[in-house]
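Please read the points below alongside the coordinates.

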Amino acid sequence: MVTNQETRSPAFAGTKKSQALANKAFDVLRSRGMFMSDYSPIRVPAEALTAFLVEREGAKAADVASAIRDNPDVFSTVSVDGIDYVLTTRTGKAPVSNEAASTHSLTARFLTPEPKPVRPPRPAPVRVRVDPNWATWSVPEFTDDDEDAYLDQPDEDDVVVIVADTGPAPVAEATPVPEATAPVVSPPVEDVVADVPAAEPEPVAHEVVAEAEPEPVVAEVEPVIPEPEPVVIETVESEPEPVAAEPEPVAAVPAARPMIAARDFSGFDDTAIAAAIDSRLADDQRVAQFAGQWMAEDRVARLGRNDIRRIKDYITEQEQPLTDSALAQDVLNVRPNSADFALIQFAVNFRLSREHRDFDFVGTNDQRFWSTSSLPQIGTTRRKPNEIGTDYRYLVDEIPAHADYRSVESVSHVLSFYEIMLGLLPYNLDMQRLLPKPVLPEQRSAVLTFEIPQLYTTYLVELRYPTPNRGGFLLGLDDFYGESLVAGAMISISATESDGHYKIEFLPGANQNARLLDLDDRRSPRYHFRPTSYACEVAPEWLISEDRFPKLGNEKPLDDKVRRRPDAVVEATFERVGLEDGSSFISTFDELLAAANIERPISETLLRATLEQHARVSSDDGDTFTYDAG
Amino acid sequence: MAGPGSDVQLTDDDVMFLLNLLRNAPSPLTTAQLVDALKQRGARQA
């Protein structure tokens, strides 16, 4: 259906004549804009419109102008460049300008920015004063009487010795006069003239030099003058002992604080001097010491209970030991480039070392880690650290008491099944030569960082130092072993410049697949062989594969009571991996070593000693052993 | 030179010297630094 658009003429105002003319004018304009949109302005010069209507309708120009003027709702007029135009729209409404009503626009704002407002000067902000009770740390003022007395002393270059002569001998015989008047050039020493009445035969007056001590020298000398005997005060330079080589009547009365010349330590070994410093200053309350560093105790920043609690909470929150540097930065808000940073680090170490109940030092000289008792243990939870230490008890006998710590650059090691399962390394002689000694005498463990460059990973490893009845070991590598290594993998541990940071590398190899031993300890612990893919080089004698030891599959781990006894473990190992010959089992040393290390750590030395001492084990060549189980 | 086993005893003045040194040090001093300070002090006196 086609519908013609209806056009409505607007209602015009004015007289009828005016309305008619306005209608004609509107028709003219609408015909001119018949293809325009409803709201587009239709513009015709007023002069042309008037001329048209005058010519066609016979209207007067004034009437046309009046008709347009009387209908402002329909027509609007505009003058452009001196020409008047009449405007309307197809809807019969005077066009409305599309320009924004406001004179403001974004463009205008950018082009004509307003001048910067002049702000009145702001009053100085009132700084919030921190209550002294919340202050993080404070350095007390030095009001030590000992120090003041020490600073008041004269230089060691000058020694003043007062010698009182009570004997009847004349002064000239007692001491030579030139010595008594020797000048003293020390700044703290000022001249004091002591006129002493001389005894017969002739009076002797000496100008003596004495220290400007609170007590005048004369006052000290007075008690030793029972008679009008001469008193000789002499100065002696740099002599440790006062010159008292006078006859019996001469009694040496030292000044209030005589300075003894500094001792010459050049003849002593540094170690001896260091030991002397340790023994003398270690118990001195005026001195703070931590890990070979010394400081005056009153210069060590004090940590309040609030600081101690925040440090403890922060370590607990981070769930791992943190270094003194991290604590100083994160808890005490001291920047590393601050001039006080070393002082605060020392303060953290010294103050926390006094908090025995809450904090444990587990660091090294270069990485000073602090731990709390609430932190979970680093490494495996399959076995308690004490049990592992008991397993490694044999290392206590194999390691000399005084090994050279940090004397080697790197150590190579082949991982056993026991080490793989628990993610550990033994603290054997090689490792002791590689790793640092305990920083503190009572230190039981140290947290080290082990970086694996091949995996771009760094692990926190806890070194448990040996005790008299437990061996040492390193825990915390279970994730690394589980992801990348198998029993028999060859690794190398290298030292770095920091005594707390080490690098581990393994020998990468082609991808290999084998059925290797694994321990399923979910409910009833049991060994089983599992298809395993690995990409590292292995020592074949340490590989626990189904091909080598098929009888190990489905075996249960030995009872703890059996495990503790190496001879019982050896017997069980013979039965598990040995070639059965009646009631006897035959196995090689390498097989026994690899298989015995499934249950517990056994070194070559321990295994060989166990085999030699076992009554029912025999060997002809030292490599193949026979166990008579009957 | 006296060996490591030599018995060295610090006097009160040595202790006061070290204490003064520690109080004026901008940062903690190591044992080796204290040993050097004692030696240098003795050498200066000589």
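1. Helices here are DSSP runs of H or I with at least four residues, strands are runs of E with at least two, and both are numbered from the N terminus. On that basis chain A contains 21 helices and 24 strands. The model is a predicted one, and the remarks that follow should be read with that in mind.

2. Of the 630 residues in chain A, 32% are buried, and among the contacts in this chain with a separation of 6 or more, 68% are accounted for by residues 24 or more positions apart. Chain B has 46 residues, of which buried residues make up 24%; its secondary structure comes to two helices and one strand, arranged along the sequence in the pattern α-β-α.

3. In chain A, helix α1 (residues 16-32) and helix α2 (residues 46-57) pack at an angle of about 115 degrees, their axes being 11 Å apart, and the crossing of α1(A) and α2(A) is right-handed. On the side of α1(A) the contact is made by A:Leu21, A:Lys24, A:Ala25 and A:Val28, while α2(A) contributes A:Leu49, A:Phe52, A:Leu53 and A:Glu57.

4. Helix α10 of chain A (residues 305-318) has 14 residues and reaches 20 Å from its first C-alpha to its last, which is close to the 20 Å expected at 1.5 Å a residue. Within α10(A), the residues A:Asp307, A:Ile311 and A:Ile315 are buried; because they cover an arc of only 70 degrees around the axis, they lie on the same side of α10(A). The buried residues of α10(A) pack against β9 (322-323), α11 (324-330) and β11 (369-372) of chain A, whereas the face turned away from the buried side carries the exposed residues A:Arg305, A:Asn306, A:Arg309 and A:Glu317. After α10(A) comes A:Glu319, with a positive phi near 60 degrees.

5. Which residues of helix α21 (residues 604-613) of chain A are buried? They are A:Leu606, A:Leu607, A:Thr610 and A:Leu611, and because they cover an arc of only 130 degrees around the axis, they are placed on the same side of α21(A). On the other side of α21(A), A:Glu604, A:Thr605, A:Glu612 and A:Gln613 are exposed. The partners against which the buried residues of α21(A) pack are α14, α19 (566-577), α20 (589-599), β23 (617-619) and β24 (624-628) of chain A.

6. Two loop residues of chain A deserve a look at their backbone angles. Most residues other than glycine have a negative phi. For A:Arg406, however, phi is positive, near 50 degrees; this residue lies in the loop between α14 (394-398) and β12 (410-414) of chain A, and A:Arg406 counts as partly exposed because 15 other C-beta atoms lie within 10 Å, a number between the limits of 12 or fewer for exposed and 20 or more for buried.

7. A:Tyr456 also has a positive phi, near 55 degrees, and is found in the loop between β14 (445-452) and β15 (457-464) of chain A. Is A:Tyr456 exposed or buried? A:Tyr456 is exposed, because 7 other C-beta atoms lie within 10 Å and the class requires 12 or fewer.

Note on methods:
Residues numbered from 1 in each chain as written. Chains lettered and ligands numbered in written order. Predicted model: local features only at pLDDT ≥ 70, side-chain atom pairs only at ≥ 80, totals over all residues. Expected span 1.5 Å × (residues − 1). Arc of directions from axis to C-beta. Contact = placed C-beta atoms within 7 Å. Axes fitted to C-alpha atoms, helices over the stretch in contact; angles between N-to-C directions. Left-handed = near helix turned anticlockwise from the far one by under 90°.
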